[in-house]
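Student: Could we go through this structure together and ask what stands behind each label?
Tutor: Gladly; have a look at it first.

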Amino acid sequence: MKLLLLVRFFVTTTTVQAQSLLNATARYPQLSSFNELLSTFPDLAAGLLTNISTSPSRQTILVPSNDAFDNYQQQNGASVSSLSSSDVGNILNYHTLQGALSSSDIQQPNGLVSETALRDSTYATRENATDAGDSLPQVVYISSTETATGRKIKARQISALSSVDVRSGRGNEIELEQTPGNWSGGVFFVVNGFLTLPVNQTDTMTSANLTSFVRGLVRTDVADGTNAARGLTCVCPSNQAFEAISNNNGNLTDGFGSLLATLTRHGLTGSYYTTNFTDGDMIQSQNGYPILVTRRNGSIFLNDARLVGSNYIANSGSVHALDRIMGFLNTTTNETTPANAAIYSDPANIPTPPPTPSVETSSGGVIPTSNATGNQIVPSATETGGSGPAASGTGAAETGSTEGTSAASSSRDLCTWAAFVGTAFVMGILAL
């Protein structure tokens with residue numbers, strides 16, 4: 001009898017491991033729409049329809065439920081199967097995560113950044129000038145804790161356990177059922193919605209309601225350059241943060257230089273997610289200002305600014321929201337001077353960046369190496385006379401290291417100039 005049970009267990013296990021994703025998901029009536037999609041696009045799903053995946057490594061597939069397909073059609077006025085082959089291919093690739101994730105993997109306390117199979121340059125330009133032309137795949141952020149950030153897409157509660165959310169483009173979130181299924185190429189999880197393909201930086205900021213920062217980029221003529229840059233993270237003060245500065249001093253006037261310097265001070269070279277922000281790390285803004293990372297009581301601080309929204313996935317990296325404009329760090333004392341109305345009222349108060357700032361990159365999570373001469377938030381050549389990315393350009397990563405260095409120097413000069421012109425930046429944003 002024991003031998004018979006052992007044989008029966010072996011046969012069952014072998015059958016589960018040998019079946020294709022199509023056969024594995026066919027056992028779930030609520031996944032019939034996904035199976036129909038795979039059958040409609042057999043060329044795109046070739047690796048998923050066979051018993052042996054085309055990928056040399058195991059994969060995790062996020063499988064949208066029938067409710068997810070219905071909701072997609074209601075929201076977009078067209079079914080997923082009506083999309084072009086290219087669009088469906090990008091969607092399938094974004095729902096394909098690298099590695100076979102377990103239930104414990106998706107419930108890590110600080111979340112998990114997982115690379116996907118999406119590499120289309122419209123949606124994935126995370127590599128920066130130091131990546132030697134290597135294409136980095138797009139990512140998703142998986143978290144098992146409820147947060148107040150991002151925009152949830154909840155069609156139903158699919159698990160009695162704590163919620164596990166997957167964040168994608170524009171900060172949209174869907175829920176993931178925590179019990180995985182097995183197929184020959186790895187595992188799959190059922191999700192109650194479709195991941196949103198990432199968009200550019202300014203559209204991502206707008207979706208996160210960081211519109212004051214976007215208006216600042218437009219006013220200083222750096223919006224197009226920001227969207228063209230590769231491997232970029234923007235840590236944006238909230239609209240309320242800009243309003244607080246403005247309301248504290250009615251005499252603030254429009255200052256192009258100080259506005260640009262402040263925006264650039266909130267740009268980081270590389271794709272930083274909350275998994276990369278390690279307590280005690282010292283990182284560097286694009287115009288050379290030091291930023292100290294502190295984790296305290298479950299919150300993340302960059303100098304004195306607390307993250308109030310995080311991991312909004314953009315095509316070139318990520319966007320985070322801050323509760324205030326980052327203050328100026330003294331690296332000798334590790335004390336921060338707040339960037340409030342008072343400091344901008346007197347140009348002599350505005351510190352300049354260290355001449356040779358040191359950079360320490362975080363070792364956690366998924367991140368390209370940060371450096372001082374990578375992509376910058378810079379205006380077009382018509383504004384500065386420099387060689388920053390033009391409105392129709394393709395970003396500093398494709399213009400060479402010389403232009404990247406020139407952009408960094410230009411940003412530092414503008415930031416130094418801001419210390420002498422003494423004009424503030426907030427009214428320029430709010431007056432648009």
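Student: Why is R230 called buried?
Tutor: Buried means under 20% relative accessible area, exposed over 50%, and partly exposed in between, with a 1.4 Å probe and protein chains only. R230 has a relative accessible area of 14%, so R230 is buried. A word on the source: this is a predicted model, where local features need pLDDT of at least 70 and side-chain atom pairs count only at pLDDT 80 or more, while totals for chains, interfaces and linings use all residues. Residues are numbered from 1 along each chain as its sequence is written, and side-chain values use heavy atoms, with hydrogens and water left out.

Student: What makes E127 and R230 a salt bridge?
Tutor: A salt bridge is a side-chain nitrogen of Lys or Arg within 4 Å of a carboxyl oxygen of Asp or Glu. For E127 and R230 the N to O distance is 2.6 Å. The two residues are 103 apart and link distant parts of the chain, E127 lying in the loop between strand 3 and strand 4, R230 in the loop between helix 9 and strand 10. Helices (H or I, at least four residues) and strands (E, at least two) are DSSP runs, numbered from the N terminus.

Student: Is E127 buried or exposed?
Tutor: Its relative accessible area is 10%, so E127 is buried.

Student: How many salt bridges are there?
Tutor: Three. R167 and E173 form one of them, with closest N and O atoms 2.2 Å apart, and both residues are buried. D323 and R324 form another, at 3.4 Å.

Student: Why is D323 called partly exposed?
Tutor: Because D323 has a relative accessible area of 25%, which falls in the range between buried and exposed. R324, at 39%, also counts as partly exposed.

Student: What makes strand 1 and strand 2 a pair?
Tutor: Two strands pair if DSSP finds at least two bridges between them. Strand 1 (residues 59-64) and strand 2 have three bridges, in the antiparallel sense, and Q59 stands opposite Q98 in strand 2.
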